[in-house]
Every structure is written in C-alpha cells, then in structure tokens.
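Trainee: I am new to this structure. Please show me how to read its features.

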Amino acid sequence: MASTVISPLNVCVKAAVGAPNVYGDCPFSQRVLLTLNEKSLPYNMKLIDVSNKPQWFLEANPEGKVPVLELDGKWVADSDVITQLIEEKHPIPPLSIPSEHASVGSKIFSTFVTFLKSKDPNDGSEQALLNELRALEEHLKVHGPYVNGENVSAVDLSLAPKLYHLEVALGHFKKWTVPEDLAHVHAYMKSLFSRESFVKTAPAKEHVIAGWEPKVNP
C-alpha cells in the first residue's frame with residue numbers, strides 16, 4: 001500500500017498580465033494544474049510575472065518559460081514532459097491514452113491563434129479552424145464523450161484550456177462562436193469546463209483577454 005502522505009509539489013505558473021499576484025492565462029500552465037488536480041496531488045503554486053521574472057526562477061530555469069514543476073529536486077519544464085512524468089510517478093487514476101488517439105485535436109490551438117490574429121477575412125484561417133473542430137466533432141461522435149471514451153485523459157486536459165481560450169478570445173475579439181451544429185464539441189467543452197479540476201484552475205476571462213490583447217493588437 002503506497003503512503004497516502006505526499007509532499008506538495010512546487011509548480012511555477014504564469015501570473016496575469018498587469019496583475020503579478022493573480023493567476024494568469026497560460027493554457028500550458030493550466031494543463032499542468034489540471035493534471036495535478038485530477039490526480040489529487042497537493043501542490044504549491046508560484047506565480048511568475050513573465051515580464052519581470054525573479055532571479056531565483058531564472059537560476060532554476062534558465063530558459064525562463066512556464067510552467068515548470070519541481071520533481072526530485074530538479075525543475076522540469078514543458079507541459080508535455082511534466083504531465084508525462086506526473087503520469088509515470090502517479091499512475092492512478094490513469095490519464096494515459098492509446099497512441100492512435102494521442103494527436104486528436106492537436107492542431108486546434110495553432111489554427112485558433114492564426115485565425116485570432118488574422119486581419120484578412122479571406123485568408124482561409126477561419127476555415128482551417130473549422131476543419132479542425134469538425135475533425136474533433138467526428139472523433140467525439142464515434143469515441144466520446146471524451147477523446148478516449150468515458151474517462152478523461154491527458155489529451156482532454158491538454159485541449160480543455162485551449163478550447164477555453166478559443167471560446168473567450170474569439171468571442172471577445174471577433175464575436176465568433178463554435179458553430180451550433182458541432183453538438184458533440186459543444187457538449188465536450190461544457191463537460192470539460194464543468195469539471196471540478198477545471199473550475200478550480202481556470203483563469204478569469206478578463207485575464208485571458210488581457211493576455212491575448214497585445215498579440216491581437218500589437
């Protein structure tokens with residue numbers, strides 16, 4: 001029987017733009033926090049003002065990127081690496097996913113960002129995003145309600161913050177919403193956003209908007 005006492009893990013995440021004492025808008029930071037919450041692992045969250053990074057943080061993590069997690073006395077960067085290491089060290093409940101489903105939705109975030117930044121309505125960026133969302137719709141029709149069926153997985157925890165950013169930022173900057181006919185995607189987003197782990201770790205919408213503002217209107 002494994003010990004039930006786990007020391008809190010130290011995790012560095014992005015602070016809000018213009019509000020260094022408030023949790024910010026990084027979807028990759030939220031992905032790590034979602035994973036820790038789904039695993040019921042205790043953690044200490046350290047907010048990093050990315051426009052004024054503290055010296056101790058840069059010494060521990062010279063690249064200066066968030067999120068980073070302290071594991072076995074070492075700071076580990078990159079949400080892909082962090083979540084994989086968490087899965088290996090704490091496999092219950094399992095969040096791993098078969099390789100054939102591992103890349104589902106993987107292009108949604110990049111196509112969303114391109115469309116969000118686009119000033120040309122005819123450049124195809126909206127259609128590219130719609131194509132990715134429709135591909136997710138077709139996958140969920142067959143395999144849902146989550147990407148790997150009944151139980152939430154690492155892919156869902158990666159997609160959830162990105163879909164939240166998509167909803168908030170496109171709604172604010174472009175008055176754009178996910179088409180109603182993508183019923184499975186809507187249900188999927190509603191289910192993800194209502195999970196206890198998501199409610200606990202979601203940044204405020206105004207901080208998501210503030211984070212994207214300089215990228216949309218440079």
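Trainee: In which helix does His-172 lie?

Mentor: First, the ground rules. This is a predicted model, where local features need pLDDT of at least 70, side-chain atom pairs count only at pLDDT 80 or more, and totals for chains, interfaces and linings use all residues. Residues are numbered from 1 along each chain as its sequence is written, and side-chain values use heavy atoms, with hydrogens and water left out. Helices (H or I, at least four residues) and strands (E, at least two) are DSSP runs, numbered from the N terminus. His-172 lies in helix H6.

Trainee: Is His-172 buried, partly exposed or exposed?

Mentor: Start with the cut-offs. Buried means under 20% relative accessible area, exposed means over 50%, and partly exposed is in between (1.4 Å probe, protein chains only). His-172 has 36% relative accessibility, so it counts as partly exposed. Now look at Phe-57, 115 residues from His-172 along the chain. The C-alpha atoms of the two are separated by 33 Å.

Trainee: Where does His-207 lie, and is His-207 buried or exposed?

Mentor: His-207 lies in helix H9. Its relative accessible area is 15%, so His-207 is buried.

Trainee: Which residues is His-207 in contact with, leaving aside its neighbours within four places in sequence?

Mentor: Contact means heavy atoms within 4.5 Å. With neighbours within four places in sequence left aside, His-207 is in contact with Ala-16, Ala-19, Val-22, Tyr-23 and Asp-25.

Trainee: Which other residues of H9 are buried, and what do the buried residues pack against?

Mentor: Besides His-207, the buried residues of H9 are Val-208, Ile-209, Gly-211, Trp-212 and Val-216. The buried residues of H9 pack against strands E1 (9-16) and E2 (19-23), and against helices H4 (108-117) and H6 (154-173).

Trainee: What span should the 12 residues of H9 have?

Mentor: The expected span of a helix is 1.5 Å times one less than its number of residues. H9 covers residues 205-216, so its 12 residues should span 16 Å. The end C-alpha atoms of H9 are 16 Å apart, which agrees.

Trainee: How many of the residues of H1 are buried?

Mentor: H1 is mostly covered, with 11 of its 12 residues buried. Among them are Pro-27, Leu-33, Leu-34 and Glu-38. Just after H1, Ser-40 takes a positive phi of about 55°.

Trainee: How do I describe two packed helices, and at what angle do H1 and H3 pack?

Mentor: Two packed helices are described by the angle between their axes and the distance between the axes. Axes are lines fitted to C-alpha atoms, for helices over the stretch in contact, and angles run from 0 to 180 degrees between N-to-C directions. Helix H1 (residues 27-38) and helix H3 (residues 79-89) pack at an angle of about 5°. Their axes are 10 Å apart. H1 and H3 are therefore roughly parallel to each other; angles under 35 degrees count as roughly parallel.

Trainee: Which residues make the contact of H1 with H3?

Mentor: H1 brings Phe-28, Arg-31, Val-32, Thr-35 and Leu-36. H3 brings Ser-79, Asp-80, Ile-82, Thr-83 and Ile-86. By class, the contact has 5 nonpolar, 3 polar and 2 charged residues. Here Ala, Val, Leu, Ile, Met, Phe, Trp, Tyr, Cys and Pro count as nonpolar, Asp, Glu, Lys and Arg as charged, and the others, Gly among them, as polar.

Trainee: In which sense do strands E4 and E5 pair?

Mentor: Two strands pair if DSSP finds at least two bridges between them. E4 (residues 68-71) and E5 (residues 74-77) pair in the antiparallel sense over 4 bridges. Val-68 stands opposite Ala-77 in E5. The two strands form a hairpin with 2 residues between them.

Trainee: Where is the peptide bond cis, with omega near 0°?

Mentor: The bond from Val-66 to Pro-67 is cis, with that omega near 0°. Pro-67 sits in the loop between helix H2 (55-60) and E4. The bond from Ile-92 to Pro-93 is cis too, with omega near -10°. Pro-93 is found in the loop between H3 and H4.

Technical notes
Angles under 35 degrees count as roughly parallel, over 145 as roughly antiparallel, 65 to 115 as roughly perpendicular and the rest as oblique.
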